[in-house]
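User: I would like to go through this model with you. Could we begin with how a pair of helices is packed?

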Amino acid sequence: MEGDKFSMANKREFPLEKTRNIGIVAHIDAGKTTTTERILYYTGRIHKIGETHDGASQMDWMDQEQERGITITSAATTAEWKDHRINIIDTPGHVDFTVEVERSLRVLDGAVVVLDAQSGVEPQTENVWRQATTYNVPRIVFVNKMDKLGADFNYSVSTIHDRLQANAVAVQMPIGAEDDFEGVIDLIDMKADLYDEDELGSQWDTVDIPEKYKEEAQKHRDEMLEQLADLDDDIMEKYLEGEDIPSDEIKKAIRKATLNLDIYPVFAGSAFKNKGVQMMLDGVNDFLPSPIDVRPYKATDPDTGDEVELHANDDAPFAGLAFKIATDPYVGRLTFFRVYTGTLEAGSYVLNATKDKRERVGRLLQMHSNHRKEIPEVFSGDIGAAIGLKNTTTGDSLTSTDRPLILESMDFPEPVIQVSIEPNTKADQDKMDVALQKLAEEDPTFKTETNQETGETLIAGMGELHLDIIVDRMKREFHVEAKVGEPQVAYRETFTKQVSAQGKFIRQSGGKGQYGDVVIEFTPTEEGEGFSFENAIVGGVVPREYIPAVE
Ligand code: GDP
């Protein structure tokens, strides 16, 4: 019956090659929220800037996120830009939530890395960059805050080379900086995009490069072409011959090298001053992969143990991965999932192959920043949110009922910090248990248990902020107020601990490490015992394996 009802609508709005699933990643405060908000504004989805920070929020629709100015949910929102569908999969910037970053990296195909033009690459940028490399995610870089005091585009680009050992290729040159940041020069088309003011209307004129910038722009274009020539024989030949290289050939070469993770195109702008965001969005369309450009997703047939490769294709049986369970303030429990192959209709049954349970998908939604659009069907390569999947948790494989498959999923690290928790009112104990159980179902890195001896309730998570948010949600959503004990974990190992190969250790603090110490991950430069700080990555919290059990 439902099939009939929706059969008229069984048509995809956007072809697969014009679909982008991207994440926006950044060190905290680099401007991820502002950039995301501007993207939603310019793609026509929100109509008032500033909604994120005052009043009805967009991506950060959980209250405590607004208050804390961080984003913790990994929900997805859908936007349209020049005939392309861009699904933005939200990724948190706070270090406590690296696992959330990891899970979103699993389901996205490309990423925009936002840098602060004054600071360039920062510690959390390094973490996320490394995670993105692990998952083969092609990236473009947006050097934001070009209007800020101390903004320096070339310096920012150099930090990508130096700190990430990554081949950054500037495809733009900023016109001016700080208060004089006026626009960008497109080094591919050799045109200048000049903004006349920094109003939201954000009018710019595409003009010939002003005389005084011509020489510098030519120099940067040559640098860009030389970098490309190293990777592309056609460009090399034409460049050496001094031939004109048409823009579309350059773009093609950049796209190919970006998809191969050989280069990372760099853009400049100021989200806050409404400059450069549109050109960066063109870059998303031009250089980041569609679902058919990425390597096939791996799955296993649970009956035979055979490995199966999933290619984006509407005609194949449905297979998708649940990557986020969220409680929506209006519609309740939502399961966000990425469709790898096939299509899924609202009202149909799926197999949760991980749990070996059939479940019915009630309604299907697509989130457009602040409004929810009900859709009859979700297609291959797209992101959907299902209402009605009661047994599905993050990381579960959803497939058509007649073809069970287990999709390569995510490993969730063990929690690193544990505290006791007690309801303010004794009578609330049962209510608190229910709330904690529900929250644990949503979040695989949050655990709750009862200490068998003392009867105390213990909660464990990825950091103090993580647990604060849990307690806060318990109060807001379940109306249970509780007090929490002191973090009970302590790191006692010294840093002479032998580490080999790719290793991790913790910076010692006064002979004894403790929760919150900085984890340094490094790549040893010599065989055997020697190691070097050269490639050290600083960030993170003390992982569980370094923390002795609490007596
Ligand atoms: P997030 O933590 O990465 O999400 O960063 P936000 O988008 O919340 O921005 C952090 C701060 O930087 C806020 O005060 C923003 O107003 C400010 N900001 C963001 N983009 C820009 C920019 O382009 N220029 C300047 N000057 N400030 C910016």
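This is a predicted model: local features need pLDDT of at least 70, side-chain atom pairs count only at pLDDT 80 or more; totals for chains, interfaces and linings use all residues.

User: What is the handedness of the crossing where α7 passes α8?

Analyst: The crossing is left-handed.

User: Which residues of α7 and α8 meet?

Analyst: From α7, D222, L225, E226, L228 and A229 take part, and they meet I235, M236 and Y239 of α8. The residues of this contact comprise six nonpolar and two charged, with no polar ones.

User: Changing topic: is I263 buried or exposed?

Analyst: I263 counts as buried because its relative accessibility is 0%. I263 is placed in the loop between α9 (247-259) and β11 (264-268).

User: What does I263 touch, leaving aside residues up to four places away in sequence?

Analyst: I263 touches R139, N167, V169, L228, L231, I254, A257 and T258. V169 is 94 residues from I263 in sequence, yet their C-alpha atoms are 6.4 Å apart.

User: And how many residues are in the largest nonpolar core?

Analyst: That core has 53 residues, and V141, I160, F336 and L407 have the most contacts inside it. Another core, of 46 residues, lies apart from it and includes A79, W81, I254 and L288.

User: Which residues does L407 touch beyond four places away in sequence?

Analyst: L407 touches Y297, K298, A299, L310, A319, G320, L321, Y340, S397 and T399.

Definitions and conventions:
Residues are numbered from 1 along each chain as its sequence is written. Side-chain values use heavy atoms; hydrogens and water are left out. A nonpolar core is a set of buried Ala, Val, Leu, Ile, Met, Phe, Trp, Tyr and Cys residues joined through side-chain atoms within 4.5 Å. Buried means under 20% relative accessible area, exposed over 50%, partly exposed in between (1.4 Å probe, protein chains only). Contact means heavy atoms within 4.5 Å. Helices (H or I, at least four residues) and strands (E, at least two) are DSSP runs, numbered from the N terminus. A crossing is left-handed if the near helix is turned anticlockwise from the far one by less than a right angle, and right-handed if clockwise. Ala, Val, Leu, Ile, Met, Phe, Trp, Tyr, Cys and Pro count as nonpolar, Asp, Glu, Lys and Arg as charged, and the others, Gly among them, as polar.
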